Amino acid sequence: MKKQFLELPAVTCDGNFTARYSEKGLAELNFPKVGRASPRAAKKEIFPAKICGWHRVTEAALKNVLAGRAPKKFPPLDLAGTDFQKSVWRALRKISSGKTKSYGEIARAIGKPKAVRAVGGACGANPVPVLIPCHRVLAADGKIGGFSGGLDWKRRLLAREGVKV
DNA sequence: TCCGTATTGAACT
DNA sequence: AGTTCAATACGGA
């Protein structure tokens with residue numbers, strides 16, 4: 001039996017994101033599917049109160065980041081990944097709104113200065129974009145780099161935070 | 001074990 | 001200023 005996540009739509013001005021929750025917290029967040037209506041027509045599932053509470057926090061945090069502000073509160077995260085990836089994601093969360101770092105700086109921050117490319121890989125594997133601000137990581141020369149959700153999103157998020165590319 | 005990667009910096013035109 | 005290239009850590013197959 002495969003691990004099952006409870007899935008909820010997180011409605012924002014930029015579209016309907018999809019949040020997935022495990023027993024322990026937010027496990028995944030997906031960008032809105034382009035050209036598609038709401039990802040989920042709820043079919044009267046019963047959601048534990050715990051998860052409803054998390055979801056409210058998630059949605060509020062999401063809206064804040066999209067508006068270019070730092071969220072007051074984060075939901076608990078239940079991230080599936082290797083130790084290396086988790087340490088990268090932890091470092092990413094230390095980048096405050098409006099700031100940027102390079103892949104090399106992240107690598108140094110986790111004590112593995114040579115692991116610059118692996119950092120890129122971990123960013124791409126980030127299950128919770130936006131809340132874990134992988135979009136604030138640029139290449140060392142200020143170039144935009146890449147983004148799993150599409151470069152348009154990366155540029156949009158950075159623009160909202162007042163970052164010039 | 002081999003391959004690709006959201007990199008980097010140096011050494012070249 | 002643009003191009004090439006090797007080094008490098010990690011994860012997936």
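Biologist: What should I know about the numbering and the values?

Modeller: Residues are numbered from 1 along each chain as its sequence is written, and chains are lettered from A and ligands numbered from 1 in the order in which they are written. In this predicted model local features need pLDDT of at least 70, side-chain atom pairs count only at pLDDT 80 or more, and totals for chains, interfaces and linings use all residues, while side-chain values use heavy atoms, with hydrogens and water left out.

Biologist: In what order do the strands of the open sheet stand?

Modeller: Strands of a sheet pair through backbone hydrogen bonds, either parallel or antiparallel. Here the order is E1-E2-E3, with antiparallel pairing; strands are DSSP runs of E, at least two residues, and helices runs of H or I, at least four, numbered from the N terminus. Two strands pair if DSSP finds at least two bridges between them. Strands E1 (6-12) and E3 (26-30) are at the edges with a single partner strand each, so one side of each has no neighbour in the sheet. Seven bridges join E1 to E2 (residues 15-21).

Biologist: Which residues come nearest to DNA strand B?

Modeller: A residue is near a strand if one of its heavy atoms lies within 4 Å of it. Of the 14 residues around DNA strand B, the nearest are Tyr-103, Ala-139, Ala-140, Gly-146 and Ser-148. Helix H4 gives the most to this surface, with five residues.
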